[in-house]
Every structure is written in C-alpha cells, then in structure tokens.
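Hi,

Here is the structure I said I would pass on. Have a look at it first, and my notes follow below.

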Amino acid sequence: MTLFQISEPGESPLPHARKRAIGIDLGTTNSLVATVRHGIAVVLPDSEGRPLVPSVVRYADGGVEVGYAAQAKATRDPANTIVSVKRLMGRGLDDLGDDRRYPYRFVEGQGMVRIATRAGVRTPVEISAEILKALRERAEASLGGAIDGAVVTVPAYFDDAQRQATKDAAALAGLTVLRLLNEPTAAAIAYGLDNASEGTYAVFDLGGGTFDISILRLTRGVFEVLATSGDTALGGDDFDHRVFCWALEQAKLPPLSGPDARLLMTRARDAKEMLTGHDAAPIDVELSVGSVEATLTPAVFSDITKTLVTKTMAPVKRALRDARLSPSDVKGVVMVGGATRMPQIRRAVAEFFGQPPLTNLNPEEVVALGAAIQANKLAGNREGDDWLLLDVIPLSLGLETMGGLSEKIIPRNSTIPVARAQEFTTFKDGQTAMSLHVVQGEREKVADCRSLARFELRGIPPMTAGAARIRVTFEVDADGLLAVSAREQTTGVAASIAVKPSYGLTDAEIARMLQESFAHAADDAQARALAEARVEADRIVAATEAAIAADADLLDDTERAAIDRALADVSARRDGYDRGELTKAVQALNDATAGFAAKRMDRGMARALSGRRVDALG
Amino acid sequence: MIDFSRNHFELFGLPARFRVDPGALERAYRDLQSDVHPDRHAAGSDAEKRLALQASARVNEAYRALQDPVARAEYLLHLRGVDVRTETDNALPVAFLTEQLERREDAEEAADAQDEPRLAALVEAVRADAARLQTEVEAALDAGDLERGRRRVRELRFLTKLVEDLDDMRVAVLDR
C-alpha cells in the first residue's frame with residue numbers, strides 16, 4: 001500500500017515499475033481506449049490504424065464478434081447484432097418506450113432487460129463486457145502485458161443503476177476499475193490540462209445516445225464540477241431516427257422488417273454525416289417492400305430535428321441555474337461527442353452562450369484521452385502535474401416516505417464523496433421491521449423517480465410507535481455509487497439489510513456470469529489471477545516499506561512487530577503457486593497496517609492545516 | 001483517520017464565527033481535499049481507501065455547511081447548544097408571515113399573467129430582505145445574542161426558500 005503519500009510531487013518514495021493504466025470511453029456508438037505514453041495521452045488504434053471500435057456486438061455461429069466485423073453484418077443479422085447497448089444499461093423493459101425501435105427479441109421479466117440471442121439470453125452488462133474485453137485485449141497487445149487498472153467513463157447524468165451496470169460490465173471483462181469518471185469531466189481534464197485554462201467552462205457532450213452538460217470551474221489545478229445535467233436518452237441516434245422516419249414518410253412505405261429497418265437506419269446516418277460539409281445528401285436504397293429515393297438538405301434536416309436541438313437546451317439552463325451562473329459567466333464551451341459536429345447544434349450553442357464553441361480537440365477522442373490521464377494518475381504513475389478532481393452526483397437521492405413522496409437525503413450536484421444520515425421512526429406499536437425504498441430523481445412523487453433498491457430492516461426491538469430511532473445513512477463514493485445502511489439507535493442494535501437492486505444484477509448473477517466466462521478460459525484466468533496477486537503483493541510490500549521509512553516514529557514496538565511479521569509472511573508466499581494463501585497474507589498485511597494508515601492520514605491532515613495557517617498568517 | 005471530534009471550523013482552521021472569509025475557506029477546503037480525496041489514495045489498501053472516503057465526505061460536509069449562510073448560522077447555534085431544527089417554539093412573527101404570504105400570492109398572480117418582470121422584481125425584493133436579515137444574523141451571532149440569532153436565522157431560512165420558489169416560478173414563465 002502507498003499508505004499516505006506524503007512525498008513531494010514528482011518524487012516517488014520507491015522506484016517501481018510503471019503501471020499499465022488505460023482510459024476507456026464506452027460509448028453508445030463507438031468506444032475507444034487510450035493510455036499515457038511519455039507523458040502524452042494517446043488513443044490506441046487497432047492493427048489497421050483505426051482508433052474507434054464500433055460499439056456493436058454480434059453473437060455469430062462461431063463465437064462473438066465485436067466492432068467493425070459485427071457492424072458489417074448488422075443489417076443481415078439484426079436480431080443477434082446488438083448496437084447502442086449503452087441505452088439498455090440498468091434499464092427495464094418499461095423504460096424503453098417503443099421497443100419496436102429495436103430489432104431484438106426481448107425476454108419478458110423483471111429487472112434489467114434481457115435479449116435472446118443465438119448464444120442464449122444476454123444482459124446489457126454481458127454485451128457491454130464483450131466490447132470492454134475487446135478494448136482490454138487491444139490495450140494488452142499494445143502495452144505488452146496485463147492491464148493494472150482502468151478508468152471507465154460514464155455519462156455524467158447516468159443514475160446509480162446505470163453506473164453500477166457499467167462497473168459490473170468492466171469487472172466481467174476482467175478489468176480492475178480505478179474509477180468511474182463522468183464523460184464531460186474527462187473531456188475537461190484533457191482539454192484543461194492541454195490549454196492550462198483557468199475560469200468557468202461548460203462541457204456540452206452530445207454522444208450517440210446520451211447528452212450531458214457540465215459546468216466546471218478550473219482554478220489552480222483543481223477541476224471542480226459546479227453542476228451537471230443532461231438526458232440519458234438523447235443523442236445522435238435520435239437524429240438518425242428522425243431522418244429515418246422522414247425518409248420513410250417521403251417514400252410512403254409501410255413499417256419495415258428488421259433487416260430493412262437496419263439498412264435504412266444506416267443510410268439515414270450516412271446522410272446525416274454527409275451534411276456536415278455538404279449541401280445535400282441523397283438517400284437511395286432498395287428495400288424488400290420498395291425503394292427509397294430522397295435528398296436530405298440542411299434546411300430539411302434542421303427542420304425535422306428542431307425539437308431535439310431544443311431538448312438539449314433545457315438541461316443547459318438547468319445546470320447553469322444550479323451553478324448560480326448566467327451564460328455570460330462561461331468563459332468557454334467545450335464540444336464533446338461526434339454529434340456536436342452537426343451545424344445546427346453548434347449554432348444553437350453559439351447563440352445561447354454568445355460565443356462560438358471550442359472545437360480544437362477531436363470531439364470523439366477527448367473523453368478517452370481524459371480518462372487515460374486520470375487512470376495514469378490513479379495508478380500511481382506520477383508525472384509532474386498535480387491536480388485534483390471534484391465531481392458531483394447528477395440526481396438527488398432519497399427515500400420513499402408516507403404518501404408515496406420522496407424525501408431527499410442527498411440533493412443533486414452535491415460534491416462526492418458524500419455521506420448523509422437521517423433519522424426515521426416506527427409508526428406502529430411493536431413494529432419490528434421497516435421497509436425502505438431508495439429512489440433517485442428530482443420529482444416529488446416516488447412514482448416519477450427511478451427506483452434504485454428496496455431494503456428490509458429487520459430485528460428492531462418492539463417499542464411503542466415513534467420510540468425507535470432508525471438512522472439511515474446514504475454514502476456516495478467517488479465513483480458516484482450509492483451504499484445505504486440502517487441502524488436502530490436507542491438500543492444500539494444493528495439490524496441486517498437485504499439489498500434487492502430494482503434494475504441491477506444481483507451478486508449471484510454477476511458471480512454466475514463470471515463463472516461462465518471463466519469456464520472458457522479457466523487456466524488462463526487462474527494464471528492471470530496469480531500474476532495479479534503477485535503484483536498486488538509486491539505493491540503492498542513496497543508501499544509499506546516506504547511508509548515505514550517515512551513515518552516509523554508513529555509506530556510502537558508491538559505495532560511494528562506485527563507489521564514486520566505480516567511483511568515476512570507475504571514475502572514467503574510471493575513465489576509460491578497458491579493464490580489463496582498469498583491473498584490471505586496480503587489481506588493480513590492490509591489489516592496490520594490499517595491503524596498505521598490512519599495515523600499517517602492524521603499527520604498529513606495536520607501538516608496540510610498547519611501549512612495553511614502559516615499561509616493565512618503570512 | 002481525521003479527527004472527527006473536531007468541529008467544521010477547527011477542521012478548516014477558521015475562527016468559529018458567522019463572518020467567514022470565503023477565500024480562506026475555499027483554500028483550506030482545497031488543501032484538505034488535496035490530501036484526503038479518494039483519488040489520492042486510489043492505489044492504497046482497502047482500509048486506506050475507506051478512510052479516504054470517510055475523511056473526504058466529512059470535509060465536503062463541513063465545506064457545504066460553512067459555505068451556506070443559513071447552514072452556517074444553524075451550525076454555529078448548534079455548537080453553542082441551540083438546536084434550531086428540533087426547537088418546539090418555531091413560530092414566526094405574524095407580521096413577517098403575512099408579508100411573505102402576500103408576496104407568494106402576488107407571485108402566483110404574476111405567474112398566471114406570465115408577467116416575468118413582476119416576478120423578477122419580487123425575487124429581488126425578497127433577496128434584498130434576505131441580505132438585510134443576514135447582516136442581522138451576523139451581528140446577533142457574533143455578539144453572542146443566541147436568542148435573537150435563533151429568531152433571525154429562522155426567518156432567513158424562510159426567505160431563502162421563498163427566493164428559490166419564486167425564482168422557480170420566474171424561470172417556468174420564461175421557459176413557457
């Protein structure tokens with residue numbers, strides 16, 4: 001463990017090997033992987049030099065295809081070729097609205113949607129894991145070894161279920177997630193560090209299927225997100241869909257079959273992209289029910305997508321208002337996502353903010369680059385620049401109270417990590433259980449918010465109504481993920497909690513998926529796990545030794561002896577082949593140094609404070 | 001772990017009074033977060049990550065409480081043994097309440113009439129009142145007059161909420 005890192009920036013406590021750290025932009029339409037090489041963030045291309053991986057997964061007869069190979073067959077095999085799976089993450093069937101938009105066979109049932117494919121029923125988590133696996137393999141090939149850690153980006157406006165689903169997918173793909181990072185924040189890192197900017201910036205991120213707006217303040221190496229807003233079901237896909245509907249209307253054709261729809265959708269997208277730089281784009285395509293011959297012009301395109309453009313401006317206003325700022329306070333607007341190439345979007349943004357948006361970084365790569373920079377830092381590859389990121393949660397978190405209303409415990413745009421507790425009581429004499437319903441959203445009524453989980457608190461000692469004091473604690477970590485705990489205060493009895501994620505996957509499901517994926521490569525996985533355990537052992541030994549070298553005076557003899565014993569134990573098992581034993585020894589060392597870590601943290605705080613006092617006095 | 005028994009002011013090394021230097025608060029906040037934020041301990045052990053999470057959440061909570069005038073005043077009162085939230089005597093002066101009620105009615109009329117300028121004027125009026133009240137809160141608390149401080153804080157909280165509600169109405173009219 002690094003314990004508490006007190007060394008000066010740029011001065012490593014121990015010379016150690018560079019970590020292989022990557023940043024992944026898991027997009028609706030395209031995904032990318034990037035890393036920091038020689039201090040510069042770069043996107044890792046495939047063997048043909050292509051930086052993007054189309055976010056398309058096909059369950060073929062011979063196995064799974066990802067990216068261009070899958071995309072090429074999307075029209076021929078739509079039911080087994082999943083595109084834009086990101087839209088389905090953490091979502092139930094009821095959330096999808098018109099499911100005829102999707103050419104898949106959805107499986108009826110509760111919880112997250114499931115798709116019946118040639119290879120069996122698959123969840124969006126498993127499908128996303130295939131994309132992540134392809135990116136991981138690309139990175140391993142490029143960096144020459146196993147990846148130590150990854151930062152995976154998510155739309156800032158993703159709720160808890162969508163974030164958890166993304167993290168589960170990464171775990172399933174064999175990635176160690178260092179952090180889930182909000183996409184606009186990632187872009188701000190790449191942009192801000194590149195331009196050494198100071199001031200308030202807006203990041204306008206219109207991706208394939210999601211829209212985010214974040215307002216950030218950059219001051220002396222701190223990226224502070226002031227407010228974020230968005231729409232997780234609005235993106236470039238929707239513009240394609242408008243063109244698709246328009247073309248269908250022009251040709252006066254009946255509703256299309258799966259392959260026809262996929263084909264026309266592809267042509268619609270091509271036409272949309274062609275308009276960026278051309279004055280007209282033809283859509284000529286032969287379908288099984290007839291032919292489409294239409295010409296899309298900028299005027300028509302602008303007209304049929306007017307409501308979509310307007311839809312992006314509402315979250316922009318909301319975010320500015322939450323940040324207590326007006327458009328003129330914003331020094332620059334950074335454009336992110338391929339969909340921000342559309343001229344009508346740029347016009348609308350320029351008009352609202354009274355200045356042309358900044359487009360000097362590639363809007364498709366900037367998120368992955370920022371994620372790579374963050375991953376490099378979190379993995380411990382320190383490289384000069386010292387900066388800190390302070391992000392927020394996008395949506396309020398609350399509990400259902402009497403009358404189906406939501407009582408907000410943590411308001412939206414709270415800086416994370418954040419913990420807050422609230423006390424509740426029983427309303428019946430002798431009540432021994434209480435059910436808690438955790439929701440996320442801004443609306444008053446629970447029915448209008450997203451249901452995250454239902455908890456059952458049992459074992460409350462029987463008391464008269466109103467006598468029990470049940471303290472419910474909400475804790476959101478730096479990934480923006482929520483944990484809830486509850487405890488009865490008067491008796492000190494800690495009651496148990498059962499979590500049933502409404503739109504997530506249970507731990508048992510994740511375990512089963514992991515097992516299934518390992519079954520194919522069991523030996524591989526074991527060797528990999530052992531190698532990883534050894535890396536972890538080396539890391540913790542080195543860090544502990546460095547910590548002792550720096551702050552040995554904080555330890556008394558007994559504590560020191562316990563740590564030395566645990567250290568010796570880890571070293572003894574380092575080169576064996578029993579991963580379980582090694583992991584146990586590492587855990588024991590972890591436990592033995594917990595108190596030490598706390599003391600070092602305290603000392604660090606004291607130093608920071610005294611430093612500041614000197615500053616204030618001076 | 002950080003010393004959780006330290007109060008918010010001590011945590012940031014600031015004097016426990018209502019008047020706070022925003023620049024000093026912000027600097028102290030950034031310095032502390034630069035040390036305890038989980039990103040600084042991402043490569044650490046589970047125990048260290050847990051500690052960083054708790055310490056960072058604590059620093060965020062303290063910052064939030066000291067940044068916001070109402071929360072800061074309530075926290076100061078709490079430090080001095082007056083718990084504003086659990087008070088049983090929480091009636092507001094009738095004249096004060098009547099005035100705010102009238103303003104709310106005015107605002108509803110203006111909203112129905114789509115009269116944004118009138119709503120904006122109302123918001124400004126309440127905001128000015130709130131600013132005046134805030135200087136009174138400051139004077140009372142920093143002079144140690146807890147009873148007067150307690151009463152003024154309650155009114156300030158009421159006005160702060162009113163400003164938000166009226167501004168929501170104003171924005172709703174603008175967006176229509």
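This is a predicted model: local features need pLDDT of at least 70, side-chain atom pairs count only at pLDDT 80 or more; totals for chains, interfaces and linings use all residues.

From α13(A), the residues Ala562(A), Ile563(A), Ala566(A), Leu567(A), Asp569(A), Val570(A) and Arg573(A) meet a set in α14(A) made up of Glu581(A), Leu582(A), Ala585(A), Val586(A), Ala588(A), Leu589(A) and Ala592(A). Sorted by class, the residues of this contact are 11 nonpolar and 3 charged, with no polar ones. As for the geometry, α13 covers residues 557-573 and α14 covers residues 579-592, and their axes come within 9 Å and cross at roughly 160°. Angles over 145 degrees count as roughly antiparallel, so that is what α13(A) is relative to α14(A). The crossing of α13(A) past α14(A) is left-handed.

Stepping back to chain A as a whole, you will find 15 helices and 27 strands. It has 618 residues, of which 46% count as buried. Among contacts in chain A with a separation of 6 or more, 71% are between residues 24 or more positions apart.

Helix α10(A) runs over residues 366-378, and its 13 residues reach 18 Å from first C-alpha to last, close to the 18 Å expected. How much of α10(A) is buried? 13 of its 13 residues are, so α10(A) is largely enclosed by the rest of the structure. After α10(A) comes Gly380(A), with a positive phi near 100°.

Helix α6(A), residues 258-275, has 18 residues and reaches 26 Å, close to the 26 Å expected. Just after α6(A), Gly277(A) has a positive phi of about 115°.

Finally, the contact between the chains: chain B puts in 32 residues and chain A 37. On the side of chain B that touches chain A, α2 (22-36) and α3 (46-67) are the elements giving two or more residues. The most come from α2(B), with 10 residues. By class, that side of chain B has 15 nonpolar, 8 polar and 9 charged residues.

Cheers

Definitions and conventions. Residues are numbered from 1 along each chain as its sequence is written. Chains are lettered from A and ligands numbered from 1 in the order in which they are written. Helices (H or I, at least four residues) and strands (E, at least two) are DSSP runs, numbered from the N terminus. The expected span of a helix is 1.5 Å times one less than its number of residues. A residue is buried if 20 or more other C-beta atoms lie within 10 Å of its own, exposed if 12 or fewer, and partly exposed in between; C-beta atoms are placed from the backbone. Axes are lines fitted to C-alpha atoms, for helices over the stretch in contact, and angles run from 0 to 180 degrees between N-to-C directions. Angles under 35 degrees count as roughly parallel, over 145 as roughly antiparallel, 65 to 115 as roughly perpendicular and the rest as oblique. A crossing is left-handed if the near helix is turned anticlockwise from the far one by less than a right angle, and right-handed if clockwise. Two residues are in contact if their C-beta atoms, placed from the backbone, lie within 7 Å. Ala, Val, Leu, Ile, Met, Phe, Trp, Tyr, Cys and Pro count as nonpolar, Asp, Glu, Lys and Arg as charged, and the others, Gly among them, as polar.
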